[in-house]
Amino acid sequence: MRGNLLTALLGLLVVLAAGKEDLGLQNFNLTQFSGMWYEIALASNLEHQSPSPGRKVGAVRVEQDGAQLSLTSVSDHMNLCVKEKNQAVKGDAPGKFKLPLDSGGKEVIVVATDYKTYAIMNIVLHRGGKPSSVLKLYTRTLDHNEKATEELVEKAVEQGLSVSDVQLLTKDLTCVNLLS
Ligand SMILES: *[C@@H]1O[C@H](CO)[C@@H](O)[C@H](O)[C@H]1NC(C)=O
């Protein structure tokens, strides 16, 4: 009996927690989301995104540009810092943005954020057949963020990825320095 009650309570807590998170993104605030974010971890089962040792941290600068969103990013692709500037438009839900076809037609979805310390974004690529996605963990500082990393792992597992698909990036500022 007691076990059942506990299970029911835990279930309720999970539902409440999930509900709260949805609410957070309903009120997604672009002004608070703007600014500099460091990419410190990612989760993907894509071949070219698969764990490569020594992959360096990246960064993205988010700026509001009228109704659009300007994203200036730099990330490490196989030991090469790749810098990109993209204009994104708002998608069909709060926290969802679309990049035009000429920049890959990607969709950027803010899955979780507290604005002040971390954000988890899902980058969905619609190339070829079925869409594939990369989950990225961004933080405001380069410090390791245990709690946010755990949340990234949780989101990755929810999306059918495994813990081994999650990789922490190396604190090498070569790429990040190209943004500042
Ligand atoms: C978004 O956040 C800014 C800065 O905190 C605040 O001034 C603004 O009112 C917020 N906008 C909405 C729609 O809540």
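**Exercise 1. Salt bridges**

The structure holds three salt bridges. The model is a predicted one. Task: for the salt bridge of E39 and K136, state the N to O distance, and say which strands the pair links.

Solution. 
Step 1. The side chains of E39 and K136 meet at 3.6 Å, N to O.
Step 2. E39 sits in strand β1 and K136 in strand β8, so the pair links distant parts of the chain, 97 residues apart.
Step 3. Check the burial of each partner. E39 has a relative accessible area of 3% and is buried. K136 counts as buried too, at 11%.

Task: which residue forms a salt bridge with D76, and where do the two partners lie?

Solution. 
Step 1. The partner is K56, with the closest N and O atoms 3.9 Å apart.
Step 2. D76 is in strand β3, while K56 is in the loop between β1 and β2; the pair therefore ties together parts 20 residues apart in sequence.
Step 3. D76 and K56 are both buried.

Task: is D92, which meets K96 in a salt bridge, buried or exposed?

Solution. 
Step 1. The D92 and K96 side chains meet at 3.5 Å, N to O.
Step 2. D92 has a relative accessible area of 65%, so D92 is exposed.
Step 3. K96 is at 23%, and so K96 is partly exposed.

**Exercise 2. A buried glutamate**

Task: what is the nearest side chain of opposite charge to E107, and how far away is it?

Solution. 
Step 1. E107 belongs to strand β6, residues 107-113.
Step 2. Find the opposite charge. The nearest such side chain is K96, 4.0 Å away.
Step 3. Classify. E107 is buried yet has no salt bridge.
Step 4. Look at K96 again. The side chain of K96 meets D92 in a salt bridge.
Step 5. List the surroundings. Leaving out residues up to four places away in sequence, E107 touches K96, F97, K98, N122, I123, V124 and H126.

**Exercise 3. The neighbours of β6**

Task: how many residues of β6 are buried, and how many bridges join β6 to β7?

Solution. 
Step 1. Seven of the seven residues of β6 are buried, so the strand is largely enclosed by the rest of the structure.
Step 2. Take strand β5, residues 96-98. Strand β5 pairs with β6 over three bridges, in the antiparallel sense. F97 stands opposite V108 in this pairing.
Step 3. Take β7. Six bridges join β6 to β7, and the two run antiparallel. Here V108 stands opposite I123.
Step 4. Inspect the turn. The β6 and β7 hairpin has four residues between its strands, and Y115 takes a positive phi near 65 degrees.

**Exercise 4. Pocket and cavity**

Task: which residues lie closest to the centre of the second largest pocket, and which element gives the largest share of its lining?

Solution. 
Step 1. The second largest pocket holds about 450 Å³ of space.
Step 2. It has 23 lining residues; S73, E84, K106, I123 and K136 are the closest to the centre.
Step 3. Elements giving two or more residues to this lining are β2, β3, β4 (80-90), β7 (118-125) and β8 (132-139).
Step 4. β3 gives the largest share, five residues.

Task: which residues line the largest cavity?

Solution. 
Step 1. Searching the whole structure finds one cavity of 30 Å³ or more.
Step 2. The largest cavity has a volume of about 40 Å³.
Step 3. Its lining consists of F33, V62, L69, L71, F97, V108, V110 and M121.
Step 4. β3 and β6 are the elements that give two or more residues to this lining.

**Exercise 5. The whole chain**

Task: how many helices and strands does the protein have, and in what order do its elements run?

Solution. 
Step 1. There are three helices and nine strands.
Step 2. From the N terminus, the order is α-α-β-β-β-β-β-β-β-β-α-β.
Step 3. Of the 180 residues, 43% are buried.

Definitions and conventions
Residues are numbered from 1 along each chain as its sequence is written. This is a predicted model: local features need pLDDT of at least 70, side-chain atom pairs count only at pLDDT 80 or more; totals for chains, interfaces and linings use all residues. Side-chain values use heavy atoms; hydrogens and water are left out. Buried means under 20% relative accessible area, exposed over 50%, partly exposed in between (1.4 Å probe, protein chains only). Lys and Arg count as positive and Asp and Glu as negative; His and the chain ends are not counted. Contact means heavy atoms within 4.5 Å. On a 1 Å grid over the protein atoms alone, a cavity is a set of points where a 1.4 Å probe fits but cannot get out, and a pocket is an open set with protein on both sides within 12 Å along at least five of seven lines; lining residues have an atom within 4 Å of a point. Grid points are joined across faces, edges and corners, and a volume is the space filled by probe spheres set on the points. Two strands pair if DSSP finds at least two bridges between them.
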